[in-house]
Amino acid sequence: MSQTDAAAGGEPEGAAATASDLLLARVVREESGRIVGALSVSLGSLDVAEEAVADAVVEALREWRARGVPPNPGAWLTTAARHNALDRLRREARYRDKLALLAESFRPDPAAAGEADERLPLLFGCCHPALSADAQLALTLRAVCGLTTAQIARATITPEATVAQRIVRAKRKIGTAGIPLRIPEGPERVDRLDLVLTVVSVMYSEAHLVAGGDADADRDLAEDALWLAQVVADALPRDAEALGLLALLQFHRAREPARAIDGDLVLLGEQDRARWDAALLAAARATLERAAVLRRPGRWQLHAAIAACHADAADAASTDWLQVLTLYDMLLAYDRSPIVRLNRAVALARVAGADAALAEVDALEPTLARYYLWHAVRAQLLRERGREPEALAADLRALELTANDAERRLIAARLEA
Amino acid sequence: MKYVIMFTSTPELDAAVPPERRQEVYGRIYEWFGEHAGQIDDSGAELHPVATATTVRHGSDGPVVVDGPFSEAKEVIGGFSVIDVADLDAAIALVKSWPSLEFPGVAVEIRPMVVDYSQFEQ
């Protein structure tokens with residue numbers, strides 16, 4: 001996606017400052033993960049490396065905002081990070097024997113051609129199953145994407161102290177428990193790649209789940225996720241699922257311009273499809289085709305194929321719901337989670353009618369009773385069956401359970417209709 | 001890296017396992033220690049049932065002796081070993097092959113051992 005796309009969010013004020021922040025974020029994002037990766041390897045400590053780069057990022061944001069981005073920002077960050085690491089090593093006795101290592105061997109060369117992307121082993125380490133899901137996300141955002149703790153806190157609606165603590169604990173655990181920073185081999189590889197892709201996918205959806213935020217306010221995390229999905233797909237071109245997730249996020253991103261109008265959410269069925277980003281949709285289809293050629297099906301490709309069905313329909317009415325339902329049935333073989341079953345029920349309603357779908361949805365009550373979308377989907381189905389009082393009650397419950405302003409307005413608008 | 005692996009189980013679920021099956025798995029555990037001898041630093045110990053546990057606990061007027069394990073948890077520790085492997089991934093791969101993991105309620109905790117005491121010196 002182009003820079004103008006990302007900048008077109010229509011920030012109400014300080015547009016120039018925001019654009020330069022966006023540029024800074026991009027430069028930092030492109031360089032910091034590589035430096036953390038290289039520095040971790042030479043020091044044998046993610047903790048020191050990550051801290052040194054994180055401090056360098058904060059310095060860079062301050063410096064560059066005031067004086068502009070230097071001609072070689074990667075070298076600037078590397079030098080600052082190396083300086084910070086040396087400082088930390090000198091301060092702490094247990095690291096003193098590492099000083100010589102840093103002097104001798106730390107020569108990261110981001111431009112080195114033909115070399116494997118050093119961010120991948122780092123990313124796979126950050127997404128280790130021995131770390132909690134929250135820690136995986138926070139550490140990935142900081143170590144791989146170069147977000148500051150404050151940015152992560154804002155983007156995930158978590159107190160800054162909590163984020164800081166999560167990152168510190170995760171880094172300590174990686175060091176103390178001996179979590180290796182590498183792409184695992186053998187049977188573990190598939191599972192770990194799926195965890196990595198899950199973290200990237202959560203990163204994308206977190207951008208839409210900012211409680212109290214407006215639909216336009218939180219674009220950055222989605223862009224970071226899309227960028228990271230691209231990094232993973234470029235580094236692992238033989239992994240169909242990596243391409244599958246990239247395609248999925250490209251489809252979602254392409255629909256973004258129609259998803260929110262003046263901060264209000266618009267449901268897929270009612271979106272103005274002319275606002276969809278046609279170039280990005282084409283890129284998404286091409287990515288999905290590249291995945292299909294590898295003949296290694298998986299859940300991310302199926303999710304992307306479902307998104308492709310929606311993208312292929314000229315309008316909501318011409319959606320091939322039978323195809324969507326078939327894809328959901330295939331998806332169940334990989335992922336029987338209640339959320340997948342809820343989404344399948346929506347397709348089932350279009351193919352087999354609201355009653356069949358309601359039976360499915362009601363069966364999910366034990367696990368999804370506190371999920372606003374379960375109530376929202378149920379309300380819609382009840383309304384189609386003319387059970388208006390129950391539909392109203394379900395919508396009200398959905399309204400109670402959503403923490404997001406834009407989603408709340410959407411349901412409230414439905415209640416007023 | 002050295003790790004202590006702690007074998008835990010849930011006594012009420014253990015009781016449901018038929019004795020002949022338990023015997024069969026016991027045989028495989030014996031083989032497991034043989035097969036992985038290269039990664040096992042100290043085979044450790046198997047413990048008598050938790051009903052035999054005695055705990056000495058802090059008390060304001062000095063240590064207090066009580067019957068039972070230290071924790072109220074349903075899971076109890078049945079034994080431990082010390083392994084020496086490259087990293088946590090190697091430890092996890094080894095532990096995943098622990099024969100008793102086919103029984104419900106069985107879990108194995110992996111904890112890195114403190115080996116570098118210099119970190120306490122500053």
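The model is a predicted one: local features need pLDDT of at least 70, side-chain atom pairs count only at pLDDT 80 or more, and totals for chains, interfaces and linings use all residues. Residues are numbered from 1 along each chain as its sequence is written, while chains are lettered from A and ligands numbered from 1 in the order in which they are written.

Let's start with chain A as a whole. It has 21 helices and two strands; helices (H or I, at least four residues) and strands (E, at least two) are DSSP runs, numbered from the N terminus. Of its 417 residues, 43% count as buried, meaning that 20 or more other C-beta atoms lie within 10 Å of a residue's own C-beta, placed from the backbone (12 or fewer is exposed, in between is partly exposed). Take the contacts in chain A between residues at least 6 apart in sequence: 63% of them join residues at least 24 apart. A contact here has C-beta atoms, placed from the backbone, within 7 Å.

Now for helix packing. Two packed helices are described by the angle between their axes and the distance between the axes. The axes are lines fitted to C-alpha atoms over the stretch in contact, and angles run from 0 to 180 degrees between N-to-C directions.

| Helix pair | Angle | Axis distance |
|---|---|---|
| H7(A) and H10(A) | about 80° | 10 Å |
| H12(A) and H13(A) | roughly 165° | within 8 Å |

H7(A) is thus roughly perpendicular to H10(A), a label for 65 to 115 degrees; under 35 is roughly parallel, over 145 roughly antiparallel, and the rest oblique. In this pair, A:Gln136, A:Leu137, A:Thr140 and A:Leu141 of H7(A) meet A:Val199, A:Val202 and A:Met203 of H10(A). Among the buried residues of H10(A) are A:Val199 and A:Met203.

How far apart are the end C-alpha atoms of H10(A)? They are 27 Å apart, which agrees with the 27 Å that its 19 residues should span at 1.5 Å a residue (the expected span is 1.5 Å times one less than the number of residues).

H12(A) and H13(A), by their angle, are roughly antiparallel to each other. Their contact includes A:Leu243 and A:Phe251 of H12(A), along with A:Leu281 and A:Leu288 of H13(A).

Over in chain B, B:His48 sits in the loop between strand S2 (40-46) and strand S3 (54-57). Is B:His48 buried or exposed? It counts as exposed, because it has 9 C-beta neighbours inside 10 Å. The C-alpha atoms of B:His48 and B:Phe80 are separated by 12 Å, with the two residues 32 apart along the chain.

Conventions. Contact = placed C-beta atoms within 7 Å.
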